[in-house]
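Work through the exercises below with the coordinates open, and try each task before reading its solution.

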Amino acid sequence: MNGVHDMGGMDGFGKVEPEPNEPTFHHDWESRVMAMVRVMGANGGLGIDSQRFARESLPPEGYLASSYYKKWFLAIEDQIIASNIAGADEIAAGHSLRPSPPLPRGKFTLDDLPRISVRGSFGRDAKAPAMFKPGDKVRAKNINPLTHTRLPRYVRGHVGIVERINGCHVFPDTAAHGKGENPQWLYTVVFASRELWGDDADPTLKVSIDAFEPYLEKAE
Amino acid sequence: MGLGAGLGYSSLMAHDHDHTHDRHDHDHEHSELSETQLRVRALETVLTEKGYVDPAALDAILEFYETKVGPRNGARVVAKAWTDPAFKHALLDDATAAIGTLGHVGRVGDHLIAVENTPQRHNMVVCTLCSCYPWEMLGLPPVWYKASPYRSRAVKDPRGVLADFGVTLPAATEIRVWDSTAETRFLVLPMRPAGTEGWSEERLADIVTRDSMIGTGLPKVAPKAAP
């Protein structure tokens, strides 16, 4: 979806302001949100891509105005209600009011901790050979789905060079919507700054994205 | 509260408050924060009562991220690469596999890519779409990495972003920005500073800052470093 989350190249957000000696969390509730999101991702069937789509789907003014973990909270709350894991009335009451179905992987306990301390693998077996190879000229397709995609707007329609093949990976565009892992080849594609930003761009800049094969077409 | 004046985070929270003002009729930031805190607690209670979540497991998760993982992991990898050419070669070839051979750093997930800074090229990592970041190497990302100014500008004006960090690179240096749009993760291997010849890995790791492994900083050698 063409949401405000897709920020690459936007102007007007101001300076980057690092916080000296920044704590891991700024409030206790932030750490509870982070932990709950990890648990519901690992055991609740709320996969990473669906979580990202839920955050992207927050109202734009709320997305821009909310702190990072506030966005996580608002999105997981939406997902939990939409997935019938808990009802809005139960969250409002602060208590479970009726039994709910078991989670796909059961209760998350201390024994499950090792499962989330290392990132999962998104590599999958390929069903077909890769269409592109390093050195190939490719154009990022001009797609504008209303659904989840990881092709940022700032590269759409632009020509880049395939630099490396990263294997065949779970395809977020379908996985986010319960439509299967649908593995696709993943390429690092490099774009020259002037291709993206015009003649005034810093000529020493190159930008790469990691692009799934369905995002790309052969360029002349 | 740990919210310094003029920080991106505190201004975000203030906006956050404004946004919810008309819905909740609270009139100062403290109430808004309490409101979020109460809603988070309510959700945790519901999930716990339903038997989905064990609060002790939540405690363990946040303790893990507060105390067990952080930039020290990445710094050890960088220091090793600076002192061991075979390891550096392996790291640049397949970072996940190479780091797996270092017992003291621990296991890392698949698809980690190490990118090397050279006199010709400086690398910088961003996630314009969300906040993808090599947690196992660097811990949880800082607020600025996840906030709009960095995500919007890094791919268009990286030299301007570097200036915000007080870093100036030679005009001829190529800047390569890696937008983390998939489940690949990137670790910048900074250049080893001059004057660190003969240093131990441990001592080298001390000068490898988090930002130098994101590409928004350079390793910091203390002015009066004793030999």
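The exercises that follow concern a predicted model, and they move from strand pairing to domains, to the chain interface and finally to one helix.

**Exercise 1.** Trace how strand 2 of chain A is paired with strand 1 and strand 3 of chain A, and state the sense of each pairing.

*Solution.* Begin with strand 1 (residues 137-140) of chain A, which runs antiparallel to strand 2 (residues 159-169) of chain A and is joined to it by 3 bridges.

**Exercise 2.** Describe how domain 1 and domain 2 of chain A are placed and what they share as a contact.

*Solution.* The assignment for chain A sets domain 1 at 28-117 and domain 2 at 137-218. The C-alpha centres of these two domains of chain A are 29 Å apart. At the contact, 6 residues of domain 1 of chain A meet 4 residues of domain 2 of chain A. The side belonging to domain 1 of chain A consists of 1 nonpolar, 2 polar and 3 charged residues.

**Exercise 3.** Characterise the side of chain B that touches chain A, by element and by residue class, and find the strand pairing between the two chains.

*Solution.* First count the contact, in which 75 residues of chain B meet 76 residues of chain A. The elements giving two or more residues to the chain B side include helix 1 (8-24), helix 3 (55-68) and strand 3 (174-179) of chain B, while helix 2 of chain B gives the most, with 11 residues. By class, this side of chain B has 39 nonpolar, 17 polar and 19 charged residues. Finally, strand 4 (residues 205-212) of chain A pairs with strand 3 of chain B in the parallel sense over 5 bridges, and A:Val207 stands opposite B:Val177 in that strand of chain B.

**Exercise 4.** Why is helix 4 of chain B described as largely enclosed?

*Solution.* Start with its extent: helix 4 (residues 71-83) of chain B has 13 residues and reaches 19 Å from its first C-alpha to its last, close to the 18 Å expected. Next apply the burial cut-off, by which a residue is buried if 20 or more other C-beta atoms lie within 10 Å of its own. Among the residues of helix 4 of chain B that are buried are B:Asn73, B:Arg76, B:Lys80 and B:Trp82. Because 10 of the 13 residues are buried, helix 4 of chain B is largely enclosed by the rest of the structure. Its buried residues pack against elements of chain B including helix 5 (85-93), strand 4 (185-189) and helix 11 (201-207).

Methods
Residues are numbered from 1 along each chain as its sequence is written. Chains are lettered from A and ligands numbered from 1 in the order in which they are written. This is a predicted model: local features need pLDDT of at least 70, side-chain atom pairs count only at pLDDT 80 or more; totals for chains, interfaces and linings use all residues. Two strands pair if DSSP finds at least two bridges between them. Helices (H or I, at least four residues) and strands (E, at least two) are DSSP runs, numbered from the N terminus. Two residues are in contact if their C-beta atoms, placed from the backbone, lie within 7 Å. Ala, Val, Leu, Ile, Met, Phe, Trp, Tyr, Cys and Pro count as nonpolar, Asp, Glu, Lys and Arg as charged, and the others, Gly among them, as polar. Domain bounds come from an automatic or database domain assignment. The expected span of a helix is 1.5 Å times one less than its number of residues. A residue is buried if 20 or more other C-beta atoms lie within 10 Å of its own, exposed if 12 or fewer, and partly exposed in between; C-beta atoms are placed from the backbone.
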